[in-house]
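Please keep the structure in view while reading.

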Amino acid sequence: MLGPVILAASRSDKMRRFISAAPGTKQVVARFIPGERVDEVIQVVLDATDQGLEVTLDVVGEDITTPEQSHAARDAYLELIDRLKDLGLGTKAEMSVKLSMFGQALEGGHELALGNVRPVVEAAAAIGTTVTLDAEDHTTLDSMLAIHEELRKDFPQTGCVIQAYLFRTEDDARRLAANGSRVRIVKGAYKEPASVAYQEKSEIDKAYVRIVKILMAGVGYPMIGSHDPRLIAVSQELARRAGRKLDEYEFQMLYGIRSEEHFRLAAEGHRMRVYTAYGTDWYGYFMRRLAEKPANLLFFARSVLTKS
């Protein structure tokens with residue numbers, strides 16, 4: 001199983017230096033991360049929306065160590081929102097944030113993260129869009145969900161992410177569905193112990209379907225985060241059975257993965273949102289993409305070998 005090994009490497013400074021210096025890295029990173037600057041990602045947003053897609057934007061760089069870095073992360077999102085406002089893109093582009101990037105893991109991290117994310121959520125609401133709080137490893141989820149609940153008091157459109165591989169997620173899904181939350185369901189991309197998470201793909205897939213069923217039956221807004229054709233088809237059927245219209249849920253996929261499927265779903269009338277990350281501190285995000293799918297790792301290995 002290469003996935004756990006790659007996820008462990010995502011936390012290694014030695015591996016970070018090696019991967020960053022590899023000759024083929026830049027080419028492969030560009031497949032998943034279209035740029036480092038706001039200007040570069042804004043062009044991606046314009047291209048996507050012109051083709052009937054929507055986007056969610058993630059400024060990468062969750063491995064911070066100081067409060068000053070967390071404030072810089074907040075300011076990076078505020079800069080992004082200003083650019084979206086100037087171009088009138090607020091209704092087509094939302095933001096995804098990792099609370100660790102806003103200081104969640106630092107001393108007093110819960111309050112620090114809440115204090116940093118609130119102005120981002122306020123600014124997003126002011127231009128007609130919203131923010132989704134990404135899920136990270138299981139030790140952070142109680143804090144994330146508490147911040148989500150607090151933000152929804154003033155900004156009920158604030159979304160959150162839940163992960164199918166965690167045992168707790170069905171209970172979380174029932175509560176969020178009953179509360180009318182916007183919820184993105186994903187399989188999960190962190191290395192979690194068997195005491196808290198399913199380890200076998202078949203069990204994760206079964207849990208994913210159970211959770212989608214819960215969300216579709218609730219009063220919230222489900223966001224199906226998957227590239228798996230079978231899970232996409234099952235989700236469509238569960239939406240139909242729940243009597244949901246096409247604008248009462250959406251699909252989300254990563255930039256650079258199964259792009260033809262993005263356009264197929266949009267052409268069928270579905271809301272299709274492309275998760276698009278950008279920034280200079282791309283390593284952790286990039287390694288999780290390699291861990292999720294062996295084909296991504298093979299693509300990277302071939303690129304390195306042909307460039308070396």
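In this predicted model, helix α4, residues 38–50, packs against helix α5, residues 67–87, at an angle of about 45 degrees, and the two axes are 11 Å apart. That angle makes α4 oblique to α5. The crossing of the two helices is right-handed. On the α4 side, the contact is made by Val38, Asp39, Val41 and Ile42, and on the α5 side by Glu79, Leu80, Arg83, Leu84 and Leu87. Sorted by class, the contact of α4 with α5 has 6 nonpolar residues, 3 charged residues and no polar ones.

A second helix pair can be read in the same terms. Two packed helices are described by the angle between their axes and the distance between the axes. For α8 and α9 the angle is about 10 degrees and the axes are 9 Å apart. Angles under 35 degrees count as roughly parallel, and α8 and α9 are therefore roughly parallel to each other. The crossing in which α8 passes α9 is right-handed. From α8, the residues Thr169, Glu170, Ala173, Arg174 and Ala177 meet Arg210, Ile211, Ile214 and Leu215 of α9. This contact of α8 with α9 divides into 5 nonpolar, 1 polar and 3 charged residues.

Helix α9 also contains glutamate 203. With a relative accessible area of 30%, glutamate 203 is partly exposed. Its C-alpha atom is 9.3 Å from that of alanine 164, although glutamate 203 and alanine 164 are 39 residues apart in sequence.

The chain as a whole gives the setting for these details. The protein chain has 13 helices and 8 strands. Of its 308 residues, 54% are buried. Among contacts with a separation of 6 or more, 74% are between residues 24 or more positions apart.

Next come the aromatic rings. How many aromatic pairs does the structure hold? There are 3 aromatic pairs. In one of them, the ring centres of tyrosine 77 and phenylalanine 102 are 5.7 Å apart and the ring planes are at 85 degrees, so the pair is edge-to-face. Tyrosine 77 belongs to helix α5 and phenylalanine 102 to the loop between β2 (93–97) and α6 (109–126), and the pair links these distant parts of the chain, 25 residues apart. Tyrosine 77 counts as buried, at 0% relative accessibility, and phenylalanine 102 is buried with a relative accessible area of 0%.

Phenylalanine 167 and tyrosine 198 form another edge-to-face aromatic pair, with 4.8 Å from centre to centre and 80 degrees between the planes. Phenylalanine 167 is in the loop between β4 (159–163) and α8 (169–178), while tyrosine 198 is in the loop between β5 (182–186) and α9 (201–217), so the pair ties together parts that are 31 residues apart in sequence.

Threonine 276 is in strand β8, which spans residues 271–278. Why does threonine 276 count as buried? Its relative accessible area is 1%, and buried means under 20%. Leaving aside neighbours within four places in sequence, threonine 276 is in contact with Pro34, Val41, Val44, Val55, Thr56, Leu57, Asp58 and Tyr255. Val41 of α4 also takes part in the contact with α5.

Serine 226 is in a loop, the one between β6 (221–225) and α10 (229–241). At 5% relative accessibility, serine 226 counts as buried. Its contacts, neighbours within four places in sequence left aside, are Tyr208, Leu231, Ile232, Gln252 and Met253.

The last residue is a matter of backbone geometry. Most residues other than glycine have a negative phi. Arginine 258 is not a glycine, yet its phi is positive, at about 55 degrees. Arginine 258 is placed in the loop between β7 (250–254) and α11 (259–267). At 22% relative accessibility, arginine 258 counts as partly exposed.

Key:
Residues are numbered from 1 along each chain as its sequence is written. This is a predicted model: local features need pLDDT of at least 70, side-chain atom pairs count only at pLDDT 80 or more; totals for chains, interfaces and linings use all residues. Side-chain values use heavy atoms; hydrogens and water are left out. Axes are lines fitted to C-alpha atoms, for helices over the stretch in contact, and angles run from 0 to 180 degrees between N-to-C directions. Helices (H or I, at least four residues) and strands (E, at least two) are DSSP runs, numbered from the N terminus. Angles under 35 degrees count as roughly parallel, over 145 as roughly antiparallel, 65 to 115 as roughly perpendicular and the rest as oblique. A crossing is left-handed if the near helix is turned anticlockwise from the far one by less than a right angle, and right-handed if clockwise. Contact means heavy atoms within 4.5 Å. Ala, Val, Leu, Ile, Met, Phe, Trp, Tyr, Cys and Pro count as nonpolar, Asp, Glu, Lys and Arg as charged, and the others, Gly among them, as polar. Buried means under 20% relative accessible area, exposed over 50%, partly exposed in between (1.4 Å probe, protein chains only). Rings of Phe, Tyr and Trp (its six-membered ring) pair if their centres lie within 6.5 Å; planes under 30 degrees apart count as stacked, over 60 as edge-to-face and the rest as tilted.
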